2 protein chains.
Amino acid sequence: MMEQKQEMHEFINRGDEHFMAHISLDCVIFGFHANQLKVLLLKIRHDDRWALPGGFVLKEETMEEAADRVLNERTGLNDIFLRQFHVFSDIHRSNTEKFLELMRSEGIVVEENNWLTKRFISVGFYALVDYEKAIPAEGWDSEACEWFDLDNVGELILDHNKIIGAALETMRRQLNFLPIGYNLLPEKFTMPELQKLYETILGKTLDRRNFQRKMLAYGILDRLDERRKGGAHKAPYLYKFNLEQYQKALKEGLQGGW
Amino acid sequence: MMEQKQEMHEFINRGDEHFMAHISLDCVIFGFHANQLKVLLLKIRHDDRWALPGGFVLKEETMEEAADRVLNERTGLNDIFLRQFHVFSDIHRSNTEKFLELMRSEGIVVEENNWLTKRFISVGFYALVDYEKAIPAEGWDSEACEWFDLDNVGELILDHNKIIGAALETMRRQLNFLPIGYNLLPEKFTMPELQKLYETILGKTLDRRNFQRKMLAYGILDRLDERRKGGAHKAPYLYKFNLEQYQKALKEGLQGGW
DNA sequence: ATATCATTGTGTCAGAAAAACACATTGGTA
DNA sequence: TACCAATGTGTTTTTCTGACACAATGATAT
């Protein structure tokens with residue numbers, strides 16, 4: 001505990017020796033589980049609210065590398081689908097008062113003109129991860145790290161609700177270009193699961209039969225000789241992505257919209 | 001001339017009192033003229049090369065406001081279609097050596113740790129303007145401001161060629177969502193002109209009759225009882241965008257691709 | 001004045017893609 | 001063992017797309 005406070009003090013008062021001022025990033029980390037789109041959130045200390053995992057940019061790393069680092073710290077995962085989608089730069093998006101209040105309650109002395117009291121512009125990233133493989137981990141600056149149903153995140157700090165909304169909107173548009181399912185689903189999955197994912201992202205229902213036809217027409221799925229048992233009804237086939245065809249589709253984009 | 005140097009000195013050595021360090025923006029300003037996509041470029045002092053119009057962000061303005069300001073300074077236009085599309089954050093994208101060399105040749109003393117010698121991250125914007133209405137204007141930091149054919153920009157400074165490429169790529173994708181012609185064409189235009197614009201952006205030819213059918217099906221165009229005379233052949237009708245339908249299309253997006 | 005001709009306006013038709021819809025199969029559950 | 005909800009696999013209908021044909025027009029050349 002003592003060490004943790006030491007680390008925090010170091011970060012707050014000397015962080016600008018390593019990080020660039022004014023620039024931050026926030027990650028909207030999506031997962032899919034039990035037919036629900038999930039977002040990974042952090043519990044802020046001394047605040048009822050939750051927040052997106054975020055961070056700052058080291059002086060010798062790109063935005064993408066920084067986002068990758070943040071993602072790895074929160075999920076333990078590497079080589080993850082990660083895309084920047086928007087820069088958020090409202091003048092009052094930072095809340096310096098709240099920050100100072102937090103520091104007081106932590107008993108940390110913040111020097112005048114501290115870098116964290118400056119205005120910050122944040123680059124929004126969204127990541128798609130396999131819910132089963134991610135291992136949520138809080139850091140020294142947060143009390144908890146958990147998955148939330150996308151439609152049940154409540155009121156987050158700052159403009160984070162807005163950021164999530166923008167991420168979802170971006171993902172919706174890119175659904176036509178990127179085979180997004182590959183990153184959100186486990187290796188093996190059923191057609192109904194894939195469809196539910198698409199329906200959740202798009203926010204509308206799709207015809208079961210037309211969905212399957214179109215999906216298979218892309219040629220990026222291989223059907224296995226295996227079925228998912230255990231459900232209360234007819235056991236559906238399992239599929240997995242054909243990595244070769246998937247890569248090709250990534251370059252050329254998928255045809256037609258939903 | 002003396003005043004200009006004064007202004008430059010002020011900007012270079014005290015700019016960080018007004019602007020945020022580490023953050024810049026670059027504008028890819030597109031125009032359309034004589035069946036060609038054009039980009040507005042600035043001639044850099046003491047350098048053979050040209051550059052994208054860019055700037056920095058005042059401490060009390062958003063990225064969008066800053067981009068709008070830059071755009072206005074270079075074209076005299078306001079309320080322009082302007083979208084951010086990517087953050088460029090390569091570590092070596094800035095060229096501090098070149099900057100210091102430039103300053104030496106200008107005879108300007110640059111203090112140690114000057115804000116402009118830091119690493120900068122740039123937010124790329126693209127703008128669509130009416131070529132006829134824009135009035136290119138160089139500023140105190142450049143020798144000229146001119147339109148270039150998109151396929152004839154030559155080698156630009158830093159990563160500006162890359163930025164233009166990304167802007168074009170983004171515009172191509174958004175062509176399916178946004179009625180982009182509205183911003184690039186004058187108020188009244190002919191169907192062949194609109195088609196040429198689309199062909200130029202997409203880099204491929206389209207069937208004249210199919211193009212018209214699909215375009216009219218969007219319902220965002222009004223045909224006028226007027227024709228463009230003066231051409232050597234049959235006079236084509238003039239069209240203009242139906243602003244109401246255009247706004248609706250902006251929200252909902254256009255269907256189908258090209 | 002008139003014939004010329006590249007360009008524009010309008011329409012058709014076949015094939016592809018999407019939307020709407022029907023029925024047999026299956027694997028737990030009652 | 002009958003039941004039933006969910007899955008697998010079609011067909012039909014409608015819409016969209018791509019390819020193509022022909023008449024109309026308006027400046028230009030003769």
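Me: What makes up the surface near DNA strand D, by class?
Reply: First, a caution: this is a predicted model. The surface near DNA strand D has 11 charged, 5 nonpolar and 4 polar residues.

Me: How do you know which residues surround DNA strand D?
Reply: A residue counts if one of its heavy atoms lies within 4 Å of the strand. The number of residues that surround DNA strand D is 20. The closest are A:R208, A:R209, A:Y237, B:R209 and B:R213.

Me: Which elements supply at least two residues each to that surface near DNA strand D?
Reply: α7 (208-217) of chain A and α7 (208-217) of chain B do. The most comes from α7(B), with 5 residues.

Me: What makes B:N210 a polar contact of DNA strand D?
Reply: The cut-off is an N or O pair within 3.5 Å. A polar side-chain atom of B:N210 lies 3.1 Å from a base nitrogen of DNA strand D. Therefore the B:N210 pair qualifies.

Me: And how do you know about K234 in chains A and B?
Reply: In A:K234, a polar side-chain atom lies 3.3 Å from a base oxygen of DNA strand D. For B:K234, the distance from a side-chain N or O atom to a base nitrogen of DNA strand D is 3.5 Å. The limit is within 3.5 Å, so both pairs are polar contacts.

Me: What percentage of the DNA strand D atoms within 4 Å of the protein belong to sugar or phosphate?
Reply: Sugar or phosphate accounts for 44% of them, and bases for the rest.

Me: Now the protein. Where are the domains of chain A?
Reply: Domain 1 of chain A covers 2-174, and domain 2 of chain A covers 181-252. Their C-alpha centres lie 31 Å apart.

Me: Why are domain 1 and domain 2 of chain A said to be in contact?
Reply: Contact needs heavy atoms within 4.5 Å. On that test, 13 residues of domain 1 of chain A are in contact with 11 residues of domain 2 of chain A, so the word applies. The area buried between these domains is about 1,100 Å², and carbon and sulfur atoms give 68% of that area. On the domain 1 side, A:F32, A:N35 and A:R172 supply 46% of the buried area, more than any other three residues.

Me: How many salt bridges and polar contacts are there between domain 1 and domain 2 of chain A?
Reply: The rule finds 0 salt bridges. The count of residue pairs in polar contact is 2, both residues at pLDDT 80 or more. On the side of domain 1 that touches domain 2, β1 (19-33) and α4 (160-174) of chain A each supply at least two residues. By class, that side has 9 nonpolar, 2 polar and 2 charged residues.

Me: What is the count of salt bridges between chain A and chain B?
Reply: The count is 0. Polar contacts are found: 13 residue pairs, both at pLDDT 80 or more. On the side of chain A that touches chain B, the largest share, 4 residues, comes from β1(A). That side divides into 11 nonpolar, 5 polar and 8 charged residues.

Me: How much area do chain A and chain B bury between them?
Reply: About 1,900 Å², with 66% of it on carbon and sulfur atoms. The contact takes 24 residues from chain A and 24 residues from chain B.

How values were computed
Residues are numbered from 1 along each chain as its sequence is written. Chains are lettered from A and ligands numbered from 1 in the order in which they are written. This is a predicted model: local features need pLDDT of at least 70, side-chain atom pairs count only at pLDDT 80 or more; totals for chains, interfaces and linings use all residues. Side-chain values use heavy atoms; hydrogens and water are left out. Domain bounds come from an automatic or database domain assignment. Buried area is the accessible area (1.4 Å probe) that two parts lose on being put together, summed over both. A salt bridge is a side-chain nitrogen of Lys or Arg within 4 Å of a carboxyl oxygen of Asp or Glu. A polar contact is a pair of N or O atoms within 3.5 Å; within protein, one must be able to donate a hydrogen and the other to accept it, and residues adjacent in sequence count only if both atoms are side-chain atoms. Ala, Val, Leu, Ile, Met, Phe, Trp, Tyr, Cys and Pro count as nonpolar, Asp, Glu, Lys and Arg as charged, and the others, Gly among them, as polar.
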